[in-house]
Amino acid sequence: MLKAFKTVIDKEQEAHRIIREAQVQAEKIMSDAQKKAEEAYKKTYEQTVTKAKRRSKELRRRAKEEAEHEAEIFLPRAEQQIKEIKRKAKERFDEAVSSVLDEILS
Amino acid sequence: MESSVQKFTDRILKDAREEAKAIVTQAEKSAEMLLENRKQSGRQKAEEDVYALLKRAESEAEIIKGRVATETRREAGWLVLSNKEQLVTNVLDEVKCRLGKLQKSKRYTPILERIIINAGTALGGGRLEVMLSKDDLALPLKTDTLAKAIARETGVETHLKFSKKSVEALGGSIVKTPDSKVIVDNTFEAILKRREKELRFKASRILFQE
């Protein structure tokens, strides 16, 4: 009877040990998971933000390129305008000189 | 008796192993969920920051476009304007050149006489001194005729005296009171300088009219 009682107590202690070991293992799983989760958070965040930074840089680069391209069209237009102004001014040069002379001498 | 104890203890161990397995399984599930939740949080936080980042980049891109466009327009405007200014300057240079030639022409004497009469009239007649350029001192100007013309305009008896000192000028005259307190400088250079803005405006209106 005593032997049977002792056997039961031993087995119960073994059962406690099995559960305690499982609890320790569970705590380790959670602790590891916590670390992995923080790394995953950082990695996911950095990947997304890095991608966005690349896109931002690309946006600025393209804006500058487009603006410079427009400028390349705009300046020759101004030069063309100047040519036209000079052509007309040449035709009206004598008229302008005479008019200023009249103004001075009148 | 022994067999029932064995069964009982086997049961205790079996239950304990099952409970242990459940504890570990639960921990694994929780770990998996935690990992997924943090990934999701990372994505969400990144998306918030990315939204602001892209908004800022879009706004900067617009500023870059605007700045380049403004600089280009300013540069183009400056180019057009400086060319126009040069064209107007060319007109005034030609005017100076023609004024120089005019001084040597027959047309000049009556023009100079009128300039002197106008200046004398502006001074209100009286005793006046006239200064001319070196070349103009040799012109056959009639002092009495000029003085009479001024007197007619002002109603004041006028005496003109031509100074022996000459002035550096393309033409025109300086008329002054004997004490030099009031001077009318109508040399061509002075007229050009005094009326430069107005003359440039006049020239540009003719040169650049549409």
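This is a predicted model: local features need pLDDT of at least 70, side-chain atom pairs count only at pLDDT 80 or more; totals for chains, interfaces and linings use all residues.
**Nonpolar cores**

The largest nonpolar core holds 44 residues, of which A:Ile104, B:Val95, B:Leu99, B:Ile116 and B:Phe188 touch the most other members. Both chains contribute to this core: at least two residues each come from helix 1 (2-105) of chain A and, in chain B, from helix 1 (2-103), helix 2 (108-122), strand 1 (127-133), helix 3 (143-154), helix 4 (188-194) and helix 5 (196-207). Helix 1 of chain A provides the largest share, nine residues. Apart from this core lies another one of 17 residues, including A:Val8, A:Ala26, B:Leu13 and B:Ala31. In soluble globular proteins, nonpolar side chains tend to be buried together.

Beyond residues up to four places away in sequence, B:Ile116 is in contact with B:Val130, B:Leu132, B:Leu141, B:Leu146, B:Ile150, B:Leu160, B:Phe162, B:Ser173 and B:Val175.

**Helix contacts**

| Helix pair | Angle between axes | Axis separation |
|---|---|---|
| Helix 2 of chain B and helix 3 of chain B | about 40° | 9 Å |
| Helix 1 of chain A and helix 5 of chain B | roughly 145° | within 8 Å |

With an angle of about 40°, helix 2 of chain B is oblique to helix 3 of chain B. Their crossing is right-handed. On the side of helix 2 of chain B, the contact is formed by B:Glu113, B:Ile116, B:Ile117, B:Gly120 and B:Thr121, and helix 3 of chain B supplies B:Leu146, B:Ala149, B:Ile150, B:Glu153 and B:Thr154. This contact comprises five nonpolar, three polar and two charged residues.

The crossing between helix 1 of chain A and helix 5 of chain B is also right-handed. Here A:Lys88, A:Ala89, A:Arg92, A:Phe93, A:Glu95, A:Ala96, A:Ser99, A:Val100, A:Glu103 and A:Ile104 of helix 1 of chain A meet B:Glu198, B:Leu199, B:Lys202, B:Ala203, B:Ile206 and B:Leu207 of helix 5 of chain B. By class, the residues of this contact are nine nonpolar, one polar and six charged.

**A buried serine**

A:Ser56 is located in helix 1 of chain A. Its relative accessibility is 3%, and A:Ser56 therefore counts as buried, the cut-off being under 20%. Leaving aside residues up to four places away in sequence, A:Ser56 touches B:Leu53, B:Leu54 and B:Ala57.

Methods. Residues are numbered from 1 along each chain as its sequence is written. Chains are lettered from A and ligands numbered from 1 in the order in which they are written. Side-chain values use heavy atoms; hydrogens and water are left out. A nonpolar core is a set of buried Ala, Val, Leu, Ile, Met, Phe, Trp, Tyr and Cys residues joined through side-chain atoms within 4.5 Å. Buried means under 20% relative accessible area, exposed over 50%, partly exposed in between (1.4 Å probe, protein chains only). Helices (H or I, at least four residues) and strands (E, at least two) are DSSP runs, numbered from the N terminus. Contact means heavy atoms within 4.5 Å. Axes are lines fitted to C-alpha atoms, for helices over the stretch in contact, and angles run from 0 to 180 degrees between N-to-C directions. Angles under 35 degrees count as roughly parallel, over 145 as roughly antiparallel, 65 to 115 as roughly perpendicular and the rest as oblique. A crossing is left-handed if the near helix is turned anticlockwise from the far one by less than a right angle, and right-handed if clockwise. Ala, Val, Leu, Ile, Met, Phe, Trp, Tyr, Cys and Pro count as nonpolar, Asp, Glu, Lys and Arg as charged, and the others, Gly among them, as polar.
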